[in-house]
Amino acid sequence: MPRKNSLSTSAASPIVSSAHLVSQDSAEMSEFEFGLIVAGNAFHRWIIHCMAAAGLKDLTPLDVLVLHHVTHRARDKRLADICFIMNIEDTHLVNYALKKLQGLGVVVSQKNGKDVTYAATDEGRAYVQRYREIRESCLIDALKADDGLNRDIGELARLLRVLSGMYDQAARAAASL
């Protein structure tokens with residue numbers, strides 16, 4: 001039996017940013033993509049403002065994310081490893097962020113044989129710690145209002161990992177056309 005067109009003028013029509021892409025087979029995917037766009041932009045705005053409140057201003061979202069990753073587990077990171085973990089193909093973007101962070105004195109590089117590795121400086125770790133404190137008070141404390149929200153967020157994180165694999169596979173398929 002064919003699926004009812006989800007684009008009907010009912011009260012339950014999908015909330016999307018690109019109605020021309022909505023599929024009769026999955027209007028939900030278009031709703032998800034619009035939610036991802038809005039949530040992604042809100043997340044980027046949040047991390048920029050949180051890091052500015054921590055005292056490190058004028059960073060891009062990628063700069064903030066790279067600083068967090070370089071600080072992660074207090075281990076030196078190679079450019080290729082940072083790109084791999086963050087699922088970024090364009091190493092130039094991450095390299096530019098690393099150079100900017102080095103210029104600010106929050107990241108330092110070190111040559112290890114043929115490899116160059118990056119680590120957070122004491123100053124960089126202090127900014128990240130302040131960011132964490134602000135995140136706890138402004139964001140995490142808001143989760144206390146709903147006991148089930150953390151469980152839902154965990155499930156959503158799992159679903160996002162699954163969908164990232166689907167999008168990666170679809171990108172490979174599209175690149176081969």
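Which helices each supply at least two residues of the lining of the second largest pocket? In this predicted model, these are α1, α2 and α5 (122–138). Local features need pLDDT of at least 70 and side-chain atom pairs count only at pLDDT 80 or more, while totals for chains, interfaces and linings use all residues. Residues are numbered from 1 along each chain as its sequence is written, and side-chain values use heavy atoms, with hydrogens and water left out.

A pocket is an open set of points on a 1 Å grid over the protein atoms alone, where a 1.4 Å probe fits, with protein on both sides within 12 Å along at least five of seven lines; lining residues have an atom within 4 Å of a point. A volume is the space filled by probe spheres set on the points, which are joined across faces, edges and corners. Helices are DSSP runs (H or I, at least four residues), numbered from the N terminus.

The second largest pocket has a volume of about 330 Å³. Its lining consists of A39, A42, F43, W46, L65, H68, Y131, R135, L139, L143 and I153. With four residues, α1 gives the most to this lining. Nine of the lining residues are nonpolar, one is polar and one is charged (Ala, Val, Leu, Ile, Met, Phe, Trp, Tyr, Cys and Pro count as nonpolar, Asp, Glu, Lys and Arg as charged, and the others, Gly among them, as polar).

The largest pocket has a volume of about 1,200 Å³ and is lined by 22 residues, of which L36, G40, F43, L65 and L160 lie nearest its centre. At least two lining residues come from each of α1 (27–53), α2 (61–71), α3 (79–86) and α6 (149–175). The largest share, eight residues, belongs to α6. This lining comprises 13 nonpolar, eight polar and one charged residue.
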